[in-house]
Amino acid sequence: MKHLWLTAWADIIESIRAKWFIVYSSVFGGIVVLLFVFGITESRIMGFTGLTRLLITYIQLTIAILPVFVLITTVRSVAGDREAGVFEYLLSLPISLAAWFWGRFLGRFIVVFLPVFLAMIGAVIWASIKGADIPWGLFLSYTGLLLAVAWCFLGIGMLISSIARSSDVAQGLAFMVWLTFLLFLDLILLGIMIREGLPSDTAVILSLINPLQVFRTAAMVLFDPQLVILGPSAYIILDHFTETGYIIWSIVYPVSLGTLSAYAGYYLFKKGDLP
Amino acid sequence: MIKFDNVKKTFRRTEVLKGMNLDIKKGDRIALVGSNGAGKTTMIRCLLGEYTCEGQVRVNGMDPREERKLVLKDIGFVPQLPPPLKMPVGQLIEFSASLCDADPGEMISVLERLGLDFNELKSRPFVKLSGGQKQKILISIALGREAKILILDEPAANLDPEARHIFFQLLAEKKDEAVMLISSHRLDEVAALVNRVIEMDQGIVVLDDRVEDEVDLNSVLNSEIKIKRVDEAFAKAIKAWSFESEDGTSWQGQVAGPDRLRFLGVLSRYAAILKDIHMVEQKK
């Protein structure tokens, strides 16, 4: 365990000195600042105002940006490290491959999750200073959701980094994976599938295994429990899951997918050439 | 101590190691030479357990892939190209020492013997240092612990003559307790450090020979070089070896014993203007 934490800590230090991390943190911190600056807390949508309104907008934006950010930065830095000789040197030190791989996973998770979470904390602190009500239930649900998003795409990123031998290929693969998930969002491909006669259950199953869609729907459930904006498919989701059930699914499934992907990545890493 | 038994390594369709056999015993100080693509780096990576391969690699009877922690605990490695690590020097040393169960103080003392000021460097990112500084830090990490096998890939390439001399002294201190495998493109770079030469070509060992190892790794040669006329290029080259002159034609300085061949190699470029070379081993 000591080596795992040492690796995680080393990865955190490496990451926070990297340019991508500065951009990454600025984007999420910047979103919160901009939402305050543009007075989003004063506006109203579906009856929501104040910090709840801000968090709803923040989560929608984050779910759009976070997956591609996590995928690209993970594969770039992990595959880039392999190309630049970081693996060759650090793996010549007496550390188990499990401690190395999972240490990096853990360190990377902290690095990608913290800025997003701290931006939300910043919003809560600012709202408290301004005397606004803090929707703690919503805050906790969103935190769980963001944690699951980061974990899921980090796991997929680690798998891609183990498959691809160069950072260019890894980046291309990561982009393709993200694009595939994006194409299977209900608004694009599922609409066509239904029009072409695909059974609606199949379409719903596809949307339930697409992590991007799972997050979008979960974010909607949190402020629109009846899923009015989803139309008829809301019945299938709510009949099978209920509101709470869907929120649990939206956290458990992506975390499981991320863990399985990372484990597959670890298996490939352990069996193949390391540098 | 180290055994390669019919080791083969293929990348896609290219066979880089073609059934390599090698036996390395305690006390061996080996120059691993060969041109680019000869298979030196691949061989080193197989030895470090970083590459999977056909055949058998054994270090003290253990498979470096299966028992990597036990095997690597005994191996100090200096790569040819320093990794672009962003972590500060202090943390890199702490990190390496913790993984190796070594005393970071030992690594720091080697680093300071090589002429670096740890307090000045400890908070600076490793990647921002000069090539020579990086090389010295990696050497400190490899030599500042109880390594029984030293694998050094072009270790002195970026070092100045003074640091090279100290580096040779450090190797001399380890020579009875450690096996050394020093990889280089050129034999003259490492000839004086070793007692065995292994040359690789296209994935196999083409030469495995013992060499005289009379050279004391600690020795120093007091040297005087005279040239026919003042020459700017020569002055620049010899100043890099810390030689001094009053008139520009007679130069005095010291050369580390194991560096003599390399030094003579530099002089050979100015053979046309050389008048006298005088090198005497300093008495202990």
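## Chain A at a glance

Follow chain A along its sequence and you get the pattern α-α-α-α-α-α-α-α-α-α-α. That is eleven helices and zero strands, where helices (H or I, at least four residues) and strands (E, at least two) are DSSP runs numbered from the N terminus. This is a predicted model, in which local features need pLDDT of at least 70, side-chain atom pairs count only at pLDDT 80 or more, and totals for chains, interfaces and linings use all residues. Residues are numbered from 1 along each chain as its sequence is written, while chains are lettered from A and ligands numbered from 1 in the order in which they are written.

Chain A has 275 residues, and 42% of them count as buried. Here, buried means 20 or more other C-beta atoms within 10 Å of a residue's own, exposed means 12 or fewer, and partly exposed is in between, with C-beta atoms placed from the backbone. Among the contacts in chain A with a separation of 6 or more, 79% come from residues 24 or more positions apart. Two residues are in contact if their C-beta atoms, placed from the backbone, lie within 7 Å.

The model scores ipTM 0.82 and pTM 0.84. Chain B has a mean pLDDT of 89, and 98% of its residues reach 70 or more; pLDDT is the predictor's confidence in each residue, from 0 to 100.

## Helices side by side

Take a look at α5 (residues 97–129) and α6 (residues 136–163) of chain A: they pack at an angle of about 155°, with their axes 10 Å apart. Axes are lines fitted to C-alpha atoms, for helices over the stretch in contact, and angles run from 0 to 180 degrees between N-to-C directions. So α5(A) and α6(A) are roughly antiparallel. Angles under 35 degrees count as roughly parallel, over 145 as roughly antiparallel, 65 to 115 as roughly perpendicular and the rest as oblique. Residues making this contact include Phe105(A) and Phe109(A) from α5(A), along with Leu146(A) and Trp151(A) from α6(A). By class, the contact of α5(A) with α6(A) has 16 nonpolar residues, one polar and one charged. Ala, Val, Leu, Ile, Met, Phe, Trp, Tyr, Cys and Pro count as nonpolar, Asp, Glu, Lys and Arg as charged, and the others, Gly among them, as polar.

Next up, α6(A) and α7 (residues 167–183) of chain A have axes that come within 9 Å and cross at roughly 140°. That makes α6(A) oblique to α7(A). In this pair, Ile156(A), Gly157(A), Ile160(A), Ser161(A) and Ile163(A) of α6(A) meet Ala170(A), Leu173(A), Ala174(A) and Val177(A) of α7(A). Their contact has seven nonpolar residues, two polar and no charged. Gly144(A) also sits in α6 of chain A, and it counts as partly exposed because it has 17 C-beta neighbours inside 10 Å.

## Where the chains meet

Between the chains, 22 residues of chain A are in contact with 24 residues of chain B. On chain A's side, α1 (2–16) and α4 (86–90) each supply at least two residues. The largest share, five residues, comes from α1(A). That side of chain A has 13 nonpolar, five polar and four charged residues.

Most residues other than glycine have a negative phi. Asp101(B), though, has a positive phi near 55°. Asp101(B) is in the loop between α3 (89–100) and α4 (104–113) of chain B, and it counts as exposed because it has 10 C-beta neighbours inside 10 Å.

Gln202(B) is not a glycine either, yet its phi is positive, about 50°. Gln202(B) lies in the loop between β8 (196–201) and β9 (204–210) of chain B.
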